[in-house]
Amino acid sequence: MAEFECRLKKYRLLKDLTQEQLAAQVGVRRETIMRLEKAQYNPSLKLAIDISRAVEAPIEEIFIFD
Amino acid sequence: MKKNKTKIWVGCGIFCIAAVLLSVWYAATFNDSRLVVPMDFGSYAFTPKDLPMILSITLACGYAIALFVLLFVRAGKSRRKVAQTNITRKINPKLGFLGLLGFFGLTGFWTYSTIGAVFPFAFFLFFGFFGFFYEGRMSGTFMDERFRENAARAQLNSYKITFVITLAVLIVLCQGKLFSSLEYTLIAAVIALSLTLALGLFLPEYLLYRYDHDDQMDEGEE
């Protein structure tokens, strides 16, 4: 899996969303959001776009690949 | 299936078994065990006393075919429902106990030594039903992209493991005859293939459960 840094938690808290709420918005399980925040799961492009729209932040600022 | 329908099907099954047992008793007592013990059907001539056996066997066969069709239709419906809802099918983990049926495979050693039949070894396949323990625990889970990815990974890994085992067993068996007997070699091949296929049924469910739950071992809400 590609190494990356994920700043999802920061943007999610800025939007005052729980993992559960964000998961429901983007159509995944809470566990998936949790793995994403720990940068232990590489999301599909669609999920990354959905998350970026949900937290209203650019993809490249949420997922940072070296 | 509704409980009432299940009761009707179970009731019909019990009725069919009772009808067969009763007609066997009738044939053994009043009809010289015709159609019960092996007989030469080339010279078979119908007698009215054969009717109970013929009717009960027809009924039992009809029931078995209807049950098979019902299960086939239900499996199709369940698959369509899973595709529509994106939620894994509901299965009781206790169904995993059906895996114990695999021990019936051991009867193959007895049937081979008494009547030369090797097909009971295929019952080892039922060991694969132990996978229901894990499928049951994952039932009703929403199948998001990570779940599907894990499912594909589990399936691929189980294919890899079962193919490697199958190949290794076949190479070993093909090196030479087991106990200097081609027959024993083929029986060993049947047993090994049955067990490997059972592993192929069990592993995808087990690995999917592990992948999904190992991920959650260190989880914590924010």
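## A loop and a helix in chain B

Ala45(B) sits in the loop that links helix 1 (3-30) and helix 2 (51-85) of chain B. Helices here are DSSP runs of H or I with at least four residues, strands are runs of E with at least two, and both are numbered from the N terminus. This is a predicted model, in which local features need pLDDT of at least 70, side-chain atom pairs count only at pLDDT 80 or more, and totals for chains, interfaces and linings use all residues. Residues are numbered from 1 along each chain as its sequence is written, chains are lettered from A and ligands numbered from 1 in the order in which they are written, and side-chain values use heavy atoms, with hydrogens and water left out.

Ala45(B) counts as partly exposed, at 46% relative accessibility. The scale is: buried under 20% relative accessible area, exposed over 50%, partly exposed in between, with a 1.4 Å probe and protein chains only. Setting aside neighbours within four places in sequence, Ala45(B) contacts Arg34(B) and Asp50(B). Contact means heavy atoms within 4.5 Å. Ala75(B) belongs to helix 2 of chain B. Ala75(B) is also partly exposed, at 35% relative accessibility. Its C-alpha atom is separated by 27 Å from that of His213(B), 138 residues apart along the chain.

## Confidence

The predictor assigns the complex an ipTM of 0.87 and a pTM of 0.76. Chain B has an average pLDDT of 89, and 94% of its residues score at least 70. pLDDT is the predictor's confidence in each residue, from 0 to 100. Where pLDDT is low, the predicted coordinates should not be read in detail.

## Crossing helices in chain A

Helix 2 (residues 19-26) and helix 3 (residues 30-37) of chain A have axes that come within 8 Å and cross at roughly 105°. The two helices are therefore roughly perpendicular to each other. Axes are lines fitted to C-alpha atoms, for helices over the stretch in contact, and angles run from 0 to 180 degrees between N-to-C directions. Angles under 35 degrees count as roughly parallel, over 145 as roughly antiparallel, 65 to 115 as roughly perpendicular and the rest as oblique.

Helix 2 of chain A brings Gln19(A), Glu20(A), Leu22(A), Ala23(A) and Val26(A) to the contact, while helix 3 of chain A brings Arg30(A), Ile33(A), Met34(A) and Glu37(A). These residues divide into 5 nonpolar, 1 polar and 3 charged. Here Ala, Val, Leu, Ile, Met, Phe, Trp, Tyr, Cys and Pro count as nonpolar, Asp, Glu, Lys and Arg as charged, and the others, Gly among them, as polar.

Helix 3 of chain A has 8 of its 8 residues buried, so it is largely enclosed by the rest of the structure. The buried residues include Arg30(A), Glu31(A), Arg35(A) and Glu37(A). Ala39(A) follows this helix and has a positive phi, near 60°.

## Nonpolar cores

The largest nonpolar core has 21 residues, of which Leu8(A) and Ile62(A) touch the most other members. Such a core is a set of buried Ala, Val, Leu, Ile, Met, Phe, Trp, Tyr and Cys residues joined through side-chain atoms within 4.5 Å. Strand 1 (4-6), helix 1 (8-14), helix 2, helix 3 and helix 4 (45-55) of chain A each give two or more residues to this core. Helix 4 of chain A supplies the largest share, 5 residues.

Beyond neighbours within four places in sequence, Ile62(A) contacts Glu5(A), Cys6(A), Arg7(A), Leu8(A), Tyr11(A), Ile51(A), Ser52(A), Val55(A) and Ala57(A). A second, separate core of 12 residues includes Met138(B), Met143(B), Ala154(B) and Phe202(B).

Asp212(B) lies in helix 6 (residues 182-216) of chain B. Asp212(B) is buried, with a relative accessible area of 1%. Not counting residues up to four places away in sequence, Asp212(B) touches Arg29(A), Met138(B), Arg146(B), Phe147(B) and Asn150(B).

Phe129(B) is in the loop between helix 3 (107-115) and helix 4 (131-137) of chain B. Phe129(B) is partly exposed, with a relative accessible area of 27%.

## Positive phi in loops

Asp16(A), a residue other than glycine, has a positive phi near 60°. Asp16(A) is in the loop between helix 1 and helix 2 of chain A, and is exposed at 66% relative accessibility.

Asp32(B) is not a glycine either, yet has a positive phi of about 55°. Asp32(B) lies in the loop between helix 1 and helix 2 of chain B, and is exposed, with a relative accessible area of 72%.
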